[in-house]
Amino acid sequence: MRPGGSFDVLVIGSGASGLAAAVSAERAGARVGLATKTTLQACNSAKAQGGIQAAFGEDDSPEIHAEDVLRSSHETADPALVRTLTSEAPSAIHWLEELGVEFTRSNGGYRLARCGGATRQRLLQVGDRTGHAITKALRQTFEAEPGVELPHHALTELRPAENGWTATFDVKDEQVQIDAGAVVLAAGGRCFAEAETRGELSTNHPNATGEVTRIALEAGAESCDLDALQYHPNGGAWPTTMQGYSIPETTRAYGAVLLNADGEEFTDSLGPRDAVSQAIFDEVERGKGVLTPDGRPGVWLDTTRISAEDAGISLPYMLRRYRGAGIDPLSEPIYTYPVLHYQNGGLVIDEHASTTLEGVYACGEIAGGTHGRNRMMGNSLLECTVFGRRAGRAAAERARA
Ligand SMILES: Cc1cc2nc3c(=O)[nH]c(=O)nc-3n(C[C@H](O)[C@H](O)[C@H](O)COP(=O)(O)OP(=O)(O)OC[C@H]3O[C@@H](n4cnc5c(N)ncnc54)[C@H](O)[C@@H]3O)c2cc1C
């Protein structure tokens, strides 16, 4: 076992939540180490396309946003965490802008779309590469500051120590121990591993394997709703190169609808995710689905109803991917079927992102409660930013105490 030094705050994971925590902890005066399993760029956050929610519309408010979250969760979300999420959303967006994220604008304001389960237009976007833009800005901010990057450090154990915690990592073919006054767990969910076990497709990055949740549970942390996994209603089903691709939900926000084999609309295409996914499963079950050329089940997503202008502004990456694969979604409908996408539950946290273990914080997909058992799209990048900032600040304060 090789000693790997010590930090005030050790952040595990370099997605949006870990980067937000690392930047915030550093700005709060802490010496920060940012450890991640492979490269700093490797994460689910960078794959997020659709956008990030915040109540900026004239007919909207953080309270209405909170009502939408609670209703979509079927009242299973933690109201205190939801209030924190939605009330801090506008300031989180401004913080991201200060770090260099340029949200798409139209008519003098943000271009806002209505996403599944929402009663207002509230989804900000950076084209359809929102997660890429957010992680890039956060990463560049962290890289410009004195914090230490620890790539290819895979956490394997977390133990209490005299002045905080000792973390053990696999680093190439040796084990390294790092001490920290406080630890922020930001290692994401487990849907890649879960899909492999079930023999299904997933939208997730291969690093989404969930072992850090298990490590935290072994150290004594509490969890909630860990069994509640979310299907993205619109996984790509054909061609093969698009299988498991998450077709942005903004396709439906900009007019695409779900159709069965007879060309009938069988559900509210802008319903909450669980309802839309279930409607697709049911439609296929009752023999009204379609089969892809390689025999997979699916239904149609009629993307021909999206205007070329909206698609050009808000779906350029999706168009490029499909057209590159020989299908033009503006001229023909595309095959779709739900795919494993998101871990709704996770480690129990409070409003300061503190887990039930003293000195251990959690933010992003690894944490539970904020979405209850069913997350709305666009609230995960928001959760990463709001609770990542909070985790970083609280961990820095804790390490100083
Ligand atoms: C294709 C796709 C599209 C999406 N679209 C949207 C969207 O439009 N809007 C939205 O709000 N949300 C969206 N989501 C969900 C959202 O992007 C993620 O839930 C969120 O970004 C997760 O961020 P995170 O920081 O918690 O975890 P991640 O971004 O997954 O980062 C986890 C980090 O932890 C590291 N890690 C894992 N295990 C270990 C270990 N043992 N040791 C050290 N490091 C480890 C990983 O390598 C990675 O760097 C999308 C997700 C996907 C997959």
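C43 counts as buried, with a relative accessibility of 8% (buried means under 20% relative accessible area, exposed over 50% and partly exposed in between, with a 1.4 Å probe and protein chains only). Please keep in mind that this is a predicted model, where local features need pLDDT of at least 70, side-chain atom pairs count only at pLDDT 80 or more, and totals for chains, interfaces and linings use all residues. Residues are numbered from 1 along each chain as its sequence is written, and side-chain values use heavy atoms, leaving out hydrogens and water.

**Cysteines**

- The structure holds 0 disulfides, a disulfide being a pair of cysteine sulfur atoms within 2.5 Å.
- For C43, which is in no disulfide, the nearest cysteine sulfur belongs to C384 and is 9.0 Å away.
- C363 is in no disulfide either, and its nearest cysteine sulfur, also that of C384, is 7.3 Å away.
- With 0% relative accessibility, C363 counts as buried.

- You will find D302 in strand 15, which covers residues 297–302 (strands are DSSP runs of E with at least two residues, numbered from the N terminus).
- D302 is buried, at 9% relative accessible area.
- The side chain of D302 makes a polar contact of 2.5 Å with that of T304 (a pair of N or O atoms within 3.5 Å; within protein, one must be able to donate a hydrogen and the other to accept it, and residues adjacent in sequence count only if both atoms are side-chain atoms).
- The side chains of D302 and R305 are also joined by a polar contact, at 2.9 Å.
- Apart from neighbours within four places in sequence, D302 is in contact (heavy atoms within 4.5 Å) with A256, V257, L259 and P333.

Technical notes. Helix = DSSP H or I, 4+ residues; strand = E, 2+ residues; numbered from the N terminus.
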